[in-house]
Amino acid sequence: MTKVLIIRFSSIGDMVLTTPVVRNLKNQMYEGVEIHYLTKNKFRSIVDSNPHISKVYGIDKSTNEVIEELKAEQYHYIIDLQRNLRSARVKRALKELSFTFEKYNWEKWLLVNFGINKMPKVHIVDRYMATITRFDIQNDNEGLDFFIPEGKELTADRVPESHQNGFIALGIGAAHWRKKPRKEQYITLCKQLHYPIALVGGPAEKELGEEIAFTSETHVWNTAGMLSLNESASLVKQCKLIITPDTGIMHIAAAFKKPIISLWGATVPDFGMYPYQNDALNEMIQADHLNKRPCSKLGTKCKYKECRCIDELPLEKVVVVAEREMEDKSP
């Protein structure tokens, strides 16, 4: 039996973006190939239910927690989709043939610091896929995967009656603050969109969601901090349209082939992490008039003294595109 270990420690969106590698390896590699996945325990639920993965190893702080177990597996190949010091330690310890994806950190640095764009016009998924080309595996072009375990869906009885005929999901979470709009911008969107809205976010966004919902009209339903990740994914699967920053929920929406309006602040689509192979609406909205963007690689800061990179998003365009999409979906 051939065993392959895939390494990606975090985070939600990045791990969803690895799913084409997992699926194509399982479906096109040697018969009976076994795919294992190494990640952080806080993110393992993203891959635990993936039917193409035979075993998931999770760590809390150090790869030393599982390294002896990994050695005992006697892998044939290691696919490193993380490329950092931690994944390098695993490869050194296991001493098996490994393949590592190209991060293009130098090119990102040039783009952020000097506005020189040497980034390849290649999505990160296709860069991930390049790590397995030696196995003569072709991209099946089926896009991303996200598997919700049975019994973990958001059931219809938990959706308010006001939202049961269709709603817009509005992502209000992001790991870094310059990736997402301010509270006042979200409130403006909610007041100008004349359709039921469900706010989507994690525990860190619970208070923000409550404030947005309280200030907005009754058509806004706050789920931030009230649902598990799988339930939030289920909610996205049920929506008619999602408006979201450049964050994990955007990639989950792409996995479900949902119409997406993505909002870009400190980061830019040129980094290669825009919604992947989304056959539905894929509208990327950013403040194109700000020539200093991108402000940072991860969305941690803004180059403008007044923090303009996300604040000057053309919200009126978001509303126009969203209204048009929802009208097209009306019976």
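This is a predicted model: local features need pLDDT of at least 70, side-chain atom pairs count only at pLDDT 80 or more; totals for chains, interfaces and linings use all residues.
The residues lining the second largest pocket are L111, G115, N117, V268, D270, Q286, A287, D288, L290, N291, R293 and P294. By class, five of the lining residues are nonpolar, four are polar and three are charged.

P294 lies in the loop that runs between strand 11 (282-286) and helix 12 (308-311).

A cis peptide bond also joins S10 to S11, here with omega near -20 degrees. S11 belongs to the loop between strand 1 (3-7) and helix 1 (12-16). A further backbone feature concerns Y104, a residue other than glycine whose phi is positive, near 60 degrees. Y104 is placed in the loop between strand 5 (97-100) and helix 6 (105-114). As background, most residues other than glycine have a negative phi, and most peptide bonds are trans.

| Peptide bond | Omega |
|---|---|
| S10 to S11 | near -20 degrees |

The remaining topic is the packing of two helices. Helix 8 (residues 183-192) packs with helix 9 (residues 206-215) at an angle of about 40 degrees, and the axes of the two helices are 9 Å apart. Angles under 35 degrees would count as roughly parallel, and those from 65 to 115 as roughly perpendicular; helix 8 and helix 9 are therefore oblique to each other. The crossing in which helix 8 passes helix 9 is right-handed. On the side of helix 8, the contact is made by K183, Y186, I187, C190 and K191, while helix 9 contributes L208, E211, I212 and T215. The residues of this contact comprise five nonpolar, one polar and three charged.

Conventions:
Residues are numbered from 1 along each chain as its sequence is written. Side-chain values use heavy atoms; hydrogens and water are left out. Axes are lines fitted to C-alpha atoms, for helices over the stretch in contact, and angles run from 0 to 180 degrees between N-to-C directions. Helices (H or I, at least four residues) and strands (E, at least two) are DSSP runs, numbered from the N terminus. Angles under 35 degrees count as roughly parallel, over 145 as roughly antiparallel, 65 to 115 as roughly perpendicular and the rest as oblique. A crossing is left-handed if the near helix is turned anticlockwise from the far one by less than a right angle, and right-handed if clockwise. Contact means heavy atoms within 4.5 Å. Ala, Val, Leu, Ile, Met, Phe, Trp, Tyr, Cys and Pro count as nonpolar, Asp, Glu, Lys and Arg as charged, and the others, Gly among them, as polar. On a 1 Å grid over the protein atoms alone, a cavity is a set of points where a 1.4 Å probe fits but cannot get out, and a pocket is an open set with protein on both sides within 12 Å along at least five of seven lines; lining residues have an atom within 4 Å of a point.
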